[in-house]
Amino acid sequence: MMVRALVSLAFLCSPVAAFSAPCTNEQLVGTWSMVSIKAEEPGVKSFYERAPHEVMRFGADGRFAYAASNKPYTLQDAQKRLDEMQKLEKATNGSVYTFAMSEEFLFIYRNTAIFQVFNCAIVETPDQDALPGDVLLTQFPGNPALRRVQRRL
């Protein structure tokens, strides 16, 4: 049991695997649906038990939007919900979310401040639940272990 836990932790904490290449802004542009998430951060498991369907949109203009639900999204539903989320954020707290890649790191900004940072890679060879073309997000060094697979809708 202890060995299994250590192997799982080593997998979650390992840097981006050799079966992938760093993301570029251009590759990220589009709408992505979550395939899976493994995270050590407190509260993540309970959040995704309530809202297991997640979508992200990376705009050609650098805008970023995110939404999660207890029901699956079609591309049309996702686009509508992400538009609503961007308007709601702007209206309620004045926030605008943007993204940018720097080397292998994906930076998500709220207004001009860094909000989240991930290692970001495009999968080249199938591995576990990740297929070629999927986005693999893993933890930024020093953050709790994370492995998130996103697939283009």
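Which residues of α4 are buried? In this predicted model, local features require a pLDDT of at least 70 and side-chain atom pairs count only at pLDDT 80 or more, whereas totals for chains, interfaces and linings use all residues. Residues are numbered from 1 along each chain as its sequence is written, and side-chain values use heavy atoms, with hydrogens and water left out.

The secondary structure of the chain comes to 4 helices and 9 strands, where helices (H or I, at least four residues) and strands (E, at least two) are DSSP runs numbered from the N terminus. From the N terminus on, the order of elements is α-β-α-β-α-β-β-α-β-β-β-β-β. Of the 153 residues in the chain, 38% are buried, that is, under 20% relative accessible area, with exposed meaning over 50% and partly exposed in between (1.4 Å probe, protein chains only).

In helix α4, the buried residues are Ala78, Leu82, Met85 and Gln86. These residues lie on the same side of α4 because they cover an arc of only 95 degrees around the axis, the arc being that of the directions from the helix axis to the C-beta atoms. Gln76, Lys80, Lys87, Ala91 and Thr92 are exposed on the face of α4 turned away from its buried side. The cover over the buried residues of α4 includes β2 (30–39), β3 (53–58) and β4 (64–69). Gly94, which follows α4, has a positive phi near 70 degrees.

The structure holds 1 disulfide, defined as a pair of cysteine sulfur atoms within 2.5 Å. It is formed by Cys23 and Cys120, with their sulfur atoms 2.1 Å apart. Cys23 lies in the loop between β1 (20–22) and α2 (25–28) and Cys120 in strand β7 (residues 113–123), so the pair ties together parts that are 97 residues apart in sequence. The link of Cys23 and Cys120 is left-handed, with -80 degrees about the S-S bond, and both Cys23 and Cys120 are buried.

The largest pocket is lined by 33 residues, of which Tyr66, Phe115, Gln116, Phe118 and Arg148 lie nearest its centre. A pocket is here an open set of points on a 1 Å grid over the protein atoms alone, where a 1.4 Å probe fits, with protein on both sides within 12 Å along at least five of seven lines; lining residues have an atom within 4 Å of a point. The largest share of this lining, 5 residues, comes from β7.

Notes. Contact means heavy atoms within 4.5 Å.
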